[in-house]
Amino acid sequence: MTTEIRQKLVVFTCFLVTAITLVPVVMMVLVAFQSDGESMAAKPSFWPSSWHPENLTRAFDLVPLGKYLLNTIYFAAGTTLLETVTAALAAYAFARLNFPGRSWLFGIYLATLMIPSQVTLIPQFVLVAKLHGIDTWPGMILPHAFTAIGVFLLRQFFLGIPRDYEEAARLDGANRWQAFIRVIVPLAVPAIATLAVFKFIGQWNNLLWPLVISNSDATRTASVGLQVFQDTNGTQWNLLLMAATVTTVPLIVLFFLTQRWFIRGITMSGLGGR
Amino acid sequence: MAISTADTAPVTTAPAPATQAPPPRWRSREALTAWLFILPSLIGFLIFTAGPVVAAGVISLLNWNLFSAPTWAGLHNFARLGPDPTFWSALGSTAYFTLVSVPLTILVSLLLALLLNQGVKRIAVFRSLLLLPYATITVAVAFVWIWLYIPHDGLVNAVLGWFGINGPAWLISDNWAMPALILMSVWKSFGFGMVVFLAGLQAIPQQLYEAGRVDGTSPWNSFRHITLPMLSPALFFVIVTSVIGSFQVFDQALIMTNGGPGTRTTTLVMYIYRTGFENYDQGYAAAQSLVLFAFIVLITAGQFLFQRRLVHYDN
């Protein structure tokens, strides 16, 4: 009997906590549909007294939100694709192939793991500026596509794959490249997907780098676009939060679609690969 | 570390690795294959990650505004930090943010993980919904939080009003702007720790609790003597990563307060950004970024020393 009451209390608390947590996200959507007068009144209103779906097109008219979203996808997908592919290749060599200098080279990769991105921010900016890469896609993408974390994570995963699998393929006449593509990559899909999802969501969220590199609509991402929106349109709350909704919803959808790997990635990093 | 023989030709001088040495010709082919695998990553890594780390050290020794030729400054940029009040206030703000937001985030994460671990049905649904803030765009949700914090009749103050509390002006208040940023940041990031802790809790063998129950252990004691030690590696991991993340807080401070009122919420990273990209004082900004790095290294090293006593690793 008491366990039943306790169980009901637990479920009730779960609902309550979840509801409170979602309030900001729900309010973002609700205010986005309020009228100009209602959203900017001195006393904010919570539930819209009338719904204004035309706010969506109005927000798109004020700033090219579609272009910003597309730019964000370019930026996030570009860095993710480059990092995942190059990291998988390098991680395989570090995990499986013997070559002189392997341990000190890997040591250099490891040494940069702890360095915060702000340390490389200024030299990267200077480099991109000297190469005339400001406001270009290579300038946006390349500096953020070669971090050590991808190599490190995938190497850990590859080390856990039994060597026998590859040896069997090699006895069948496969060379290293074929063994990598046919044996290792298929086995490592979960690890690669986890890395890709994390990188993609992280870069979708990246504000600082696009803020310093992008200075026109050509490469402006959603994060920076929203900041510009705030600067130029002040607190036109309904349109500001409509723009926020438009740029957040794709990421939330992506999160729900990929949460298996997302959650796996968090727990993997937290429990030392368990 | 710095001693490197960069000869790519794998001659016999290379000491044989721990594994049994394959025939020399095969080995040299293997080395060639390895370099081909590594090269795409290595070129990018050297140019865009390792190179810039070294360059940061060099730039920190220069007077440079990007437009004119740099001049040598020696350690002047580091010496400038001492008498710079904005630097010290930025350091103070960052420390304040970290010292409050990390324990709060950990506490919320842990409580929610414990709650979800009480045999709740549809645990995955709650877990996903509670993780949602972690997967939103910081800039976008920062806008909503500005709206929530509207003085007088904003949602936060309206709720406080139900309890007879006259809420402050939050983001424009000298004393409450930082707590407002902290609350938002806890909301944004608690999901990460929650997921780690939940996985950690689920990995604790049930027999331990059953043994405790047989011995008549109270729930609090079984939490203290079973749950907490078993969870300590996960706790340690989340604390270390949270501290590193908090030291780099930027997005929400830029959007919600722009570092104000005054410099109350100007964090270290925001000060680096302003120095480098608003004052174009690249040398000074690089010096600041290295100091930030030094702080992170020191604090993390301190935590690792501390963990030996507190973290229980079960093999």
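Biologist: Which residues of chain A does the UniProt annotation "domain: ABC transmembrane type-1" cover?

Modeller: Happy to start there, with the reminder that this is a predicted model. The annotation comes from an unreviewed UniProt entry.

Biologist: How far apart are the end C-alpha atoms of residues 239-258 of chain A?

Modeller: That span is one of those that the unreviewed UniProt entry labels "transmembrane region", and residues 179-201 are another. Residues 179-201 are 96% helix, with their end C-alpha atoms 31 Å apart. Residues 239-258 are 100% helix, and their end C-alpha atoms are separated by 29 Å.

Biologist: Which helix gives the most residues to the side of chain A that touches chain B?

Modeller: Good one! The contact involves 80 residues of chain A and 83 residues of chain B. On the chain A side, the helix giving the most, with 15 residues, spans residues 237-270 and is α14.

Biologist: How many nonpolar residues are on that side of chain A?

Modeller: Sorting the side of chain A that touches chain B by class gives 3 charged and 20 polar residues. The nonpolar residues there number 57.

Biologist: Which residues touch the most other members of the largest nonpolar core?

Modeller: This core has 153 residues. Helix α7 of chain B, residues 177-202, is its top contributor, with 15 residues. L154(A) touches A87(A), I192(A) and L195(A), among others. The residues you want are A90(A), L154(A), L241(A) and A243(A).

Note on methods: Residues numbered from 1 in each chain as written. Chains lettered and ligands numbered in written order. Predicted model: local features only at pLDDT ≥ 70, side-chain atom pairs only at ≥ 80, totals over all residues. Core = buried A, V, L, I, M, F, W, Y, C linked by C-beta atoms within 7 Å. Buried ≥ 20, exposed ≤ 12 C-beta atoms within 10 Å, placed from the backbone. Helix = DSSP H or I, 4+ residues; strand = E, 2+ residues; numbered from the N terminus. Contact = placed C-beta atoms within 7 Å. UniProt positions renumbered as here; feature names shortened; annotations may be inferred. Nonpolar A, V, L, I, M, F, W, Y, C, P; charged D, E, K, R; others polar. Lists of a residue's contacts leave out its neighbours within four places in sequence.
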